[in-house]
Structures are given as structure tokens and as C-alpha cells.
Amino acid sequence: MSVWFTSLAVLLLITLAGALIRVWRGPAPADRMMAAQLAGTGGVAVILLLAAATKNWLMLDVALVLALLAAFAAVGFVKAASRNGVGDPEADEEAAP
């Protein structure tokens, strides 16, 4: 069974190469952020598969931290991409400080 998990992890790593190319080449910042989210999600999946293959369950903590970092990166991107930098692009402009 560990060979199956390891081969799936290798396959996911190969597909993550496409996401990293999209992060590098663009074309738009939103496309790059979506590719970075894909890389984060794929990284979590690879870590979970390797944890199951090696029966090293401490790697689940690493996967959890990676998932949290990917979520924080998305929030940071939305805050940076908003017009006034407060983070809610749909908010009324009068309500912004």
C-alpha cells in the first residue's frame, strides 16, 4: 500500500510543476495567486500521502501548517489587491477609513 501512496505523491509532484510554471509566468496577479493556492493544496496532499506511506503521523502537523499558510496568503492577496488596502473590495468606499 505504501508503494501506491508514494506513486500518487510523485504524480502530484509532477502536476505541481505546472502550477509552479503558472506562478512564474503569470499572466495576471490573480492567475499567479490561484496557481499558488493550487500548489499549496497539492503540497498538503503530497504531505498527507507521504505520511500515510511512511506511517509518520507527525507530518500531519506540517500539512496543517501548510494549509493555514495557504489560507493566509489568499487573505493577504485580497487585502493587497483591494483598492484602498483594507481588504474588502466589495465594501462601500464611504465606509472605508
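Helices here are DSSP runs of H or I at least four residues long, numbered from the N terminus. Keep in mind that this is a predicted model.

**Whole chain.** Start with a cartoon view. You'll find three helices and zero strands, and reading along the sequence gives the pattern α-α-α. Of the 97 residues, 22% count as buried.

**Helices H2 and H3.** Next, select residues 29–54, which is H2, and residues 59–81, which is H3. The two pack at an angle of about 170 degrees, and their axes lie 9 Å apart. Angles over 145 degrees count as roughly antiparallel, so that's what H2 and H3 are to each other.

**Where they meet.** Show side chains along the H2–H3 contact. On the H2 side, look for residues including Met33, Val44, Ile47 and Leu48. Across from them, H3 brings in Leu60, Leu66, Ala70 and Phe77, among others. Two glycines of H2, Gly40 and Gly43, are also part of this contact.

**The nonpolar patch.** Go back to the surface and pick Leu64, Val65, Leu68, Leu69 and Phe72. Together they form a nonpolar patch with about 520 Å² of accessible area.

**Leu69.** Finish by zooming in on this member of the patch, which is found in H3. Is Leu69 buried or exposed? Its relative accessibility is 53%, so Leu69 counts as exposed; the cut-off for that is over 50%.

Notes:
Residues numbered from 1 in each chain as written. Predicted model: local features only at pLDDT ≥ 70, side-chain atom pairs only at ≥ 80, totals over all residues. Heavy atoms only, no water. Patch = residues over 30% accessible without salt bridge, like charges linked within 9 Å, V, L, I, M, F, W, Y side chains within 5 Å. Areas by Shrake-Rupley, 256 points an atom, 1.4 Å probe, with all protein chains shown as cover. Salt bridge = Lys/Arg side-chain N within 4 Å of Asp/Glu carboxyl O. Buried < 20%, exposed > 50% of the residue type's maximum accessible area, 1.4 Å probe, protein only. Axes fitted to C-alpha atoms, helices over the stretch in contact; angles between N-to-C directions. Parallel < 35°, antiparallel > 145°, perpendicular 65-115°, else oblique. Contact = heavy atoms within 4.5 Å.
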